[in-house]
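Trainee: Before we look at any single residue, could we go through this model together, one question at a time? I would like each answer to end on the value or name that I asked for.

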Amino acid sequence: MAPWMGVDPVVAAAAVMLLGLLAYAVLAGADFGGGIWDLLSRGPRRREQQMAIARAMGPVWEANHVWLIFVIVILFNVFPTAYRALGIAFFGLFHLVLVGIVLRGAAFAFRAAAPADSPHWLLWSRVFGGASAVTPFLLGLAAAAISGGGIRLYPDGAVQVDPALTWFSPVSLLMGLLTVAMCAYLAAVFLTVETGGALREDFRRRALWAGALLALLAAALLPLLPAAMPQLWQRFARPASAPLLLAGAGLAALSSAAVYARRYRTARVAAVAEVVVLLGGWAAGQWPYIIYPDVTFQAAAAPGPSIRFLLNTLPFGLLVLLPSLWLLFRIFKAETG
């Protein structure tokens, strides 16, 4: 395939898709985590905690899903073979994720219109919090399924899914829980920046607990990788991967230490960097497979002209999208800050 600006167009498209995934993980992940803490709000300041979460999310909570749409559009246009295989393998899961996203947004809006602590308010609060927890868990299952070898694509086009390697394996369940913990940690760290006084201390304690849980889940997951995801483990076990692993561990320690020391803005930067390194490491270990072990990025790619057309038009779309998102956050965060 002819290069695009001196780069393999398949590699360029995969990199752009990864950037969209990183943006979704950080921004939507923090919003999912906000819903989780809304569900788990306790104590004498429970109502104040929920109001702080609602103010922090404000009217921009659904805007972050634009990055999920961004990733799906690239997958559909650039890697149609993988899109078809994942559409079949994840038919039920994708619909559950969609239901979770819609229910979460609808519940957040309906709750805002209900009288505080009324039966309707309590009902929609539970729906909002429950959907915020279940949806990232399902997304974690999807990531594990892509890497676990349980999705097979045969030469005749048939797609076969082994539930024992996708939905019910210990690694899949741990990755689902790890994703939930990551969202909860991000949200708690973000909320320490956006609140003050006793509320800030509440979210500080939640950030410390979520960080500890995240570390425990990661420690439980690592010993299972050699057997469950050998291709990922082989990449991580190489000496060349040591800086990436050290960076991830160092950022996790830095973020937790900054929360403990009440250096909240430093903690936020480190937490975002931790998520970027975590997902970047997963993507590096996954390469060159988009679905292990049968579908590589190169084999799933569309014809070269289609990829180059998307890459050439992408900057024009981003010129509209990025300033619009910046303006949206700028206006409403200024109003709620």
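Trainee: Is Asn64 buried or exposed, and what is its relative accessible area?
Mentor: The model is predicted, so local features need pLDDT of at least 70 and side-chain atom pairs count only at pLDDT 80 or more, while totals for chains, interfaces and linings use all residues. Residues are numbered from 1 along each chain as its sequence is written, and side-chain values use heavy atoms, with hydrogens and water left out. Asn64 lies in the loop between helix 2 and helix 3, where helices (H or I, at least four residues) and strands (E, at least two) are DSSP runs numbered from the N terminus. On a scale where buried means under 20% relative accessible area, exposed over 50% and partly exposed in between (1.4 Å probe, protein chains only), Asn64 is buried, at 3%.

Trainee: Which residues does Asn64 touch, not counting residues up to four places away in sequence?
Mentor: Contact here means heavy atoms within 4.5 Å. With residues up to four places away left out, the residues touched by Asn64 are Tyr24, Leu27, Ala28, Asp31 and Phe329.

Trainee: What separates the C-alpha atoms of Val295 and Leu153?
Mentor: Val295 is found in strand 4 (residues 295-296) and is buried, with a relative accessible area of 3%. Leaving aside neighbours within four places in sequence, its contacts are Ala82, Leu153, Tyr289, Ile290 and Ala300. Leu153 is 142 residues away along the chain, yet the C-alpha separation is 7.3 Å.

Trainee: What is the phi of Arg262?
Mentor: Most residues other than glycine have a negative phi. Arg262 sits in the loop between helix 12 (242-260) and helix 13, and at 44% relative accessibility counts as partly exposed. Its phi is positive, near 65°.

Trainee: Which helix gives the most to the lining of the largest cavity?
Mentor: A cavity is a set of points, on a 1 Å grid over the protein atoms alone, where a 1.4 Å probe fits but cannot get out, and lining residues have an atom within 4 Å of a point. The largest cavity is lined by Met182, Tyr185, Leu214, Glu274, Val275 and Leu278. Helix 8 (170-194) and helix 13 (264-286) each supply at least two of the lining residues, and the most, three residues, comes from helix 13.

Technical notes:
On a 1 Å grid over the protein atoms alone, a cavity is a set of points where a 1.4 Å probe fits but cannot get out, and a pocket is an open set with protein on both sides within 12 Å along at least five of seven lines; lining residues have an atom within 4 Å of a point.
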